[in-house]
Amino acid sequence: MAEWPMDRPELRTIITTYSVPESKLLLNSFIMPKTFYGLAGLQMFAGAMVQFGRRRAFIVTDKGVRALALTVQKMLKGVGIEVEIFDEAKPEVPLSSIKPAAEKMEALQPDLIVAVGGGSVMDMAKASWILYEAPQTDLTNVDAMQPIGLRRKAFLACIPTTAGTGSEATNVAVITDDTVEPHRKEGVVHPELYPDFAVLDPRFVLKMPPNLTLGTGLDALSHAVDCYLCRSSNEISDALAVRATKLVFKYLPLALKYPDNPQIRLKTQIAAMIAGSAFSNGGIGTTHAVAHNIGALFEVHHGMACGVTIPYVIKFYAEVDDKYLSFAEELGVRGGSNEETLKKLIDIFMDFYRKIGAPTTMRDLGIKEDDFKEKLDTFAQYVVKDPTGPFAPRQLTVEEAKELLMDMYYGRL
């Protein structure tokens with residue numbers, strides 16, 4: 001079983017120490033990609049690629065959205081850029097699937113890599129980009145403190161076809177270690193992994209079915225909420241997280257009701273992108289430590305898993321940290337006491353979930369009780385080892401993780 005970097009206690013301790021607000025006084029940064037958005041965003045992007053001297057593009061996509069990749073291919077060819085499409089990206093990005101994509105890149109020698117798809121496609125593009133630029137890299141042991149040398153060959157652009165993962169704005173590639181049983185989701189994190197360009201075209205998300213619209217919207221919401229509550233966050237990420245939360249609350253119900261409205265869809269795309277920018281610069285914690293492993297162990301859609309965790313994580317953090325009070329204030333929530341404010345804050349999320357038909361417990365995700373109980377020990381251990389853990393304001397023990405997971409399964413709030 002591979003030891004991933006965040007399995008090392010000393011590294012987790014360093015990151016936790018660096019992430020406290022006092023350390024942010026010493027050194028901080030905020031990175032976002034150049035972003036083109038709106039109905040003319042794709043045209044603007046193509047024109048910019050000519051200005052940057054790009055000549056050969058390699059599009060990473062999957063067969064489900066190949067038609068949208070063909071639209072991007074046509075636009076780039078129209079400005080004189082040679083294009084090849086690789087449509088074999090797989091869901092949840094198995095570790096074993098990445099090298100073949102990098103080998104295809106090596107054959108073409110592109111100076112532009114374009115991901116057209118959802119979170120898994122963008123993660124696939126990032127991971128294969130690493131192996132294209134630095135073939136000897138061990139993806140299970142990428143050191144964020146050591147240079148990789150990306151961009152010596154190519155820039156990376158991301159064109160999302162969902163509105164939730166925010167991967168078009170993050171320095172993370174989430175991949176599934178399929179060398180172990182049960183499979184384990186891990187993150188390759190490096191400051192060079194931020195995409196150079198993001199393109200938000202509402203036409204690319206108009207065909208999302210209701211369930212995917214809901215799941216990806218909940219993913220964006222979890223990014224925003226958890227980032228704000230993490231002690232690793234900063235003033236810029238806090239501002240984006242609050243705005244993203246408000247956008248999801250307002251526009252996700254409208255996107256479910258009016259799915260063909262491009263203005264509404266664009267708002268959900270912007271929410272997802274700025275939530276992604278927030279958490280990639282400000283951290284994310286227990287929502288994703290749990291959701292990553294719900295997906296890996298029970299094959300549940302990542303966004304749906306993320307949504308379930310939010311109210312429980314708010315309560316879990318509140319036992320040791322009071323940042324939920326300022327978050328509640330930002331959302332216009334006030335109570336006569338801290339306890340009443342917390343209850344009202346959690347109620348806002350639960351009422352929102354009921355309004356949009358979102359699951360509120362792990363049981364609602366279709367996870368059978370026997371399966372949950374059988375995997376609980378492994379589940380808790382994976383949650384504690386998850387790479388997002390050091391950013392959370394409360395560090396989990398295995399026993400605390402088990403208790404939290406049972407709360408989420410049985411709906412104990």
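**Salt bridges and their surroundings**

Author: Lys402 is buried, with a relative accessible area of 19%, a value computed, like the others here, from a predicted model. The side chain of Lys402 meets that of Asp377 in a salt bridge, at 2.9 Å from N to O, and the pair links distant parts of the chain, since Asp377 lies in helix H14 (residues 369-385) and Lys402 in helix H15 (residues 398-410), 25 residues apart. Asp377 itself is partly exposed, its relative accessible area being 43%.

A second pair, Asp87 and Arg66, forms a salt bridge at 3.1 Å from N to O; here too distant parts of the chain are linked, with Asp87 in the loop between strand E3 (82-86) and H5, and Arg66 in helix H4 (residues 66-78), 21 residues apart. Asp87 has a relative accessible area of 15% and is therefore buried, the cut-off being under 20%, whereas Arg66, at 32%, counts as partly exposed. Both residues also belong to a network of salt bridges that includes Lys63.

The pair Asp347 and Lys343 lies within one helix: the closest N and O atoms of their salt bridge are 2.9 Å apart, and because the two residues are four apart in helix H13 (residues 338-356), about one helical turn separates them. In an α-helix there are 3.6 residues a turn, so residues three or four places apart point the same way. Asp347 is partly exposed at 27% relative accessible area, while Lys343, at 53%, counts as exposed.

These pairs are among the 18 salt bridges counted in the model.

Terms used:
Residues numbered from 1 in each chain as written. Predicted model: local features only at pLDDT ≥ 70, side-chain atom pairs only at ≥ 80, totals over all residues. Heavy atoms only, no water. Salt bridge = Lys/Arg side-chain N within 4 Å of Asp/Glu carboxyl O. Buried < 20%, exposed > 50% of the residue type's maximum accessible area, 1.4 Å probe, protein only.
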